[in-house]
Amino acid sequence: CLMLLLSMYTGMRVGELSALLCTDVQEDFIHVHRQQVRDISSGHQVFLDVEYTKDERRHPHGGRYIPRTPEVNQVLELTKKLPGTSQYVFHDKEGNPITKDSYELHLRRSCRRLGIKTTNNHAFRIAFNSKLIERDLSSADRALILGHAVQTNEQRYSVSDKRRLESIRQRIV
């Protein structure tokens, strides 16, 4: 549940949440520069951390920084109360990282139980982008925080349908 909340407040990808280390949490920012990937080359499934994010696979540039907000700080404080000790922010009581598959399964089941049609983490990234739009961040700033190109942000993450009408009305009235 804490991974879900951090995703809502930061727009982090599933693999980035699973690979987040305590040392990545800085005073004012979260440094996102690795992700957990599934590897089946050995004939069985294992999860590995790689030192790049989805958008950096071919052109690494040191990751990105997500500002810590009061909501983010609350979630991070709660993670310190998780049983066990680990270098990972999100871990089980033995200190093992929570796998991206485990998180996605929990999210999917929780959404279905609540009657929510969208059952993936990507919806949190889109909603987070919408919040940044409402706070008047430029498309370049939003893309920087979410970790993709400006064009990608505008085409795939910026909602421009009836859901924004009330916000627009309030600004122009």
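A polar contact is a pair of N or O atoms within 3.5 Å; within protein, one atom must be able to donate a hydrogen and the other to accept it, and residues adjacent in sequence count only if both atoms are side-chain atoms. The model on the screen is predicted: local features need pLDDT of at least 70, side-chain atom pairs count only at pLDDT 80 or more, and totals for chains, interfaces and linings use all residues. Residues are numbered from 1 along each chain as its sequence is written, and side-chain values use heavy atoms, with hydrogens and water left out.

**Stop 1: arginine 13**

Select arginine 13 and glycine 147. The side chain of arginine 13 reaches the backbone oxygen of glycine 147 at 2.8 Å. Arginine 13 is placed in the loop between α1 and α2; helices (H or I, at least four residues) and strands (E, at least two) are DSSP runs, numbered from the N terminus. Is arginine 13 buried or exposed? With a relative accessible area of 12%, arginine 13 is buried. Here buried means under 20% relative accessible area, exposed means over 50%, and partly exposed lies in between (1.4 Å probe, protein chains only). Next, display the residues in contact with arginine 13, where contact means heavy atoms within 4.5 Å. Leaving aside neighbours within four places in sequence, these are Thr53, Lys54, Asp55, Arg64, Asn121, Arg125, Leu146, Gly147 and His148.

**Stop 2**

Select α1, residues 2–10. The buried residues in α1 are Leu2, Met3, Leu4, Leu6, Ser7 and Thr10. Just after α1, glycine 11 takes a positive phi of about 75°.

Now turn to the largest nonpolar core, which has 24 residues. A nonpolar core is a set of buried Ala, Val, Leu, Ile, Met, Phe, Trp, Tyr and Cys residues joined through side-chain atoms within 4.5 Å. To find its centre of contacts, select Leu6, Met12, Leu17, Leu20, Ile30, Phe90 and Tyr103, the residues with the most contacts inside this core. The elements that give two or more residues to this core are α1, α2 (14–18), β1 (29–32), α3 (70–79), α4 (100–113), α5 (122–134) and α6 (139–146). Which element gives the most? It is α1, with four residues. In soluble globular proteins, nonpolar side chains tend to be buried together.

Not counting residues up to four places away in sequence, leucine 20 touches Leu6, Met12, Ile30, His31, Gln87, Tyr88, Val89 and Phe90.

**Stop 3: a cavity**

A search of the whole structure finds one cavity of 30 Å³ or more. On a 1 Å grid over the protein atoms alone, a cavity is a set of points where a 1.4 Å probe fits but cannot get out, and lining residues have an atom within 4 Å of a point. Grid points are joined across faces, edges and corners, and a volume is the space filled by probe spheres set on the points. The largest cavity has a volume of about 30 Å³. To see its lining, select Met12, Glu16, Ala19, Leu20, Asp24, His31, Val32, His33 and Arg34.

**Stop 4: glutamine 36**

Select glutamine 36 in strand β2 (residues 35–39). Glutamine 36 is buried, at 2% relative accessible area. A polar atom of its side chain lies 2.6 Å from the backbone nitrogen of lysine 100.

**Stop 5: the cysteines**

How many disulfides are there? The count comes to zero, a disulfide being a pair of cysteine sulfur atoms within 2.5 Å. The sulfur of cysteine 22 is too far for a bond, because the closest cysteine sulfur, in cysteine 1, is 19 Å away. Cysteine 111 is in no disulfide either, and the nearest cysteine sulfur, that of cysteine 1, is 11 Å away. Cysteine 22 is partly exposed, at 41% relative accessible area, whereas cysteine 111 counts as buried at 9%.

**Stop 6: two loops**

Select threonine 69, in the loop between β4 (64–67) and α3. Threonine 69 is partly exposed at 22% relative accessibility, and a polar contact of 3.1 Å joins its side chain to that of glutamate 71.

Finally, select aspartate 136, in the loop between α5 and α6. Aspartate 136 is exposed, with a relative accessible area of 60%. Its phi is near 65°, a positive value in a residue other than glycine.

Technical notes: On a 1 Å grid over the protein atoms alone, a cavity is a set of points where a 1.4 Å probe fits but cannot get out, and a pocket is an open set with protein on both sides within 12 Å along at least five of seven lines; lining residues have an atom within 4 Å of a point.
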